[in-house]
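I am opening a notebook page on this structure. I will look up a few side chains and write down what I find.

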Amino acid sequence: MAKSHFPLISALSVAMPRRKFVTKKKVNVGFLAPLSGPLKSWAEPGFNGCLIWQERINASGGLQIGDHRYLINVIPYDTQFQPDRAFEGARKLVMEDEVKFLIMVGGNDFSRPLRDFLNQRRILVSTALPSDLTPDSRTLIAPSEVHPIYNVTGVDWLKRTHPSIKTVAMCTQNDAHGIPSIATYRAAFEAADIDVVAEILFPIETSEFKPLVQELLSKKPDLLCWDTAYEPFVHALTIEAFRQGYRGPILSCTCDNYVELIAKTSAEFMEGFVFQFPDFDDPRLNDQQISFENPNGFYEEFCARFPGTWSAVSWQYVSVLDIWKSAVERCRSFEPGTVMAMMKVGGRSRNVFGDAIWWGRELFGIDNALVGYWPVVRIQDGRARIVEFGSILDWWSQHKEVLIRHMRKMGLMWDQREEKIAESRYIL
């Protein structure tokens, strides 16, 4: 009787390495933001950064879940910063494109109808404005930018390094970015014992800044603050301050395309301008705690492909995608609740600038903001350079009552916002 060959086959099958038959699929991510209009500079550079990230990830094989690899496809939708268009875009991206993750600037785009739709569909959404966060939106997160809370670090640094600053005059546009930022700066200046001698909220349609700057300068402030004004406003305000003879320090949340400002004013005038967003060729971004792959190389590629358009958001949505990708691969799922749980394991994680915690319950009603360190940036010899990584949490531990008081005074606390929404629904 012939011997069976089964034992030999079994032995060979154990000895030989098992091949994984990897299949490639696609996964869609939505980019729902104002890609035209006055807020374009806070969205388009971020989308371009996402394109670089997408190409890099796909070139390396894509996102891996088990034996499957997924090529990432970031799909844009231009909201023009109009709530109705944002709602239409969300429906298109979710129902037609079946996106697994939705990236937003937030603010004016994040209306109640949009929130209700996303809640019903249980879509994981990121916002650049933690002021959008409420317990009513469990799958809305702020994992990268924590505007406007990080602005306290710039004020704190200025006070410690420039103790002669005693007064400030500030202004910004009257919208969902400017108003929460005003409250934050008020708190930061109070904590630093700097008196606000003038404060102006101007309509977003404003185009003439001469009288506005005249009014600010009439108070003879030691410091001018542009709050979270958009790039066109920062440029117009800065140039007007230069023309009117101001030569003191300036503080702003952002200072995109500062090279153009130097050309239109002077290198001496712009020296020492303080803001919160670095160029990614900054040597400090090679520090050990930085959690962004090859920031200098990313900056070089971005500037080569999209010259003259580097901005505060060029890297931000990339950092969001990095956090999402890491969580998806670790939990092997696209399901929003599972991905969020993986992101928030232990309540700690890392943002671009180092260790961070999931935070926000006292301010936003939910711990869905990833908060840690944030850079303070100063123009030195014509270049933006990081002078310090300030701890938002250290400031908060000392001054949280001040910030909460100013937020509540302006009706910005999460429970106040929910009451307003409830009232408007009742009236309807």
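**Aromatic pairs and one asparagine**

I looked up Phe202 and found a relative accessible area of 3%, so Phe202 is buried. I kept in mind that the model is predicted.

I then checked Phe209, which has 6% relative accessibility and therefore counts as buried, because the cut-off is under 20%.

Next I searched the whole structure for aromatic pairs and got 34. For Phe202 and Phe209, I noted ring centres 5.4 Å apart and planes at 85°, so this pair is edge-to-face. The reasoning needs one cut-off: planes over 60 degrees apart count as edge-to-face.

My last entry is on Asn351. Where is Asn351 found? I located Asn351 in strand E12, which covers residues 348-351. The relative accessible area of Asn351 is 4%, so I put Asn351 down as buried.

Which backbone nitrogen does the side chain of Asn351 reach? I found that of Phe353, at 2.9 Å.

I then left aside the neighbours of Asn351 within four places in sequence and listed the remaining contacts. Asn351 is in contact with Pro143, Ser291, Ala356, Leu370, Gly372 and Tyr373.

Methods. Residues are numbered from 1 along each chain as its sequence is written. This is a predicted model: local features need pLDDT of at least 70, side-chain atom pairs count only at pLDDT 80 or more; totals for chains, interfaces and linings use all residues. Side-chain values use heavy atoms; hydrogens and water are left out. Rings of Phe, Tyr and Trp (its six-membered ring) pair if their centres lie within 6.5 Å; planes under 30 degrees apart count as stacked, over 60 as edge-to-face and the rest as tilted. Buried means under 20% relative accessible area, exposed over 50%, partly exposed in between (1.4 Å probe, protein chains only). Helices (H or I, at least four residues) and strands (E, at least two) are DSSP runs, numbered from the N terminus. A polar contact is a pair of N or O atoms within 3.5 Å; within protein, one must be able to donate a hydrogen and the other to accept it, and residues adjacent in sequence count only if both atoms are side-chain atoms. Contact means heavy atoms within 4.5 Å.
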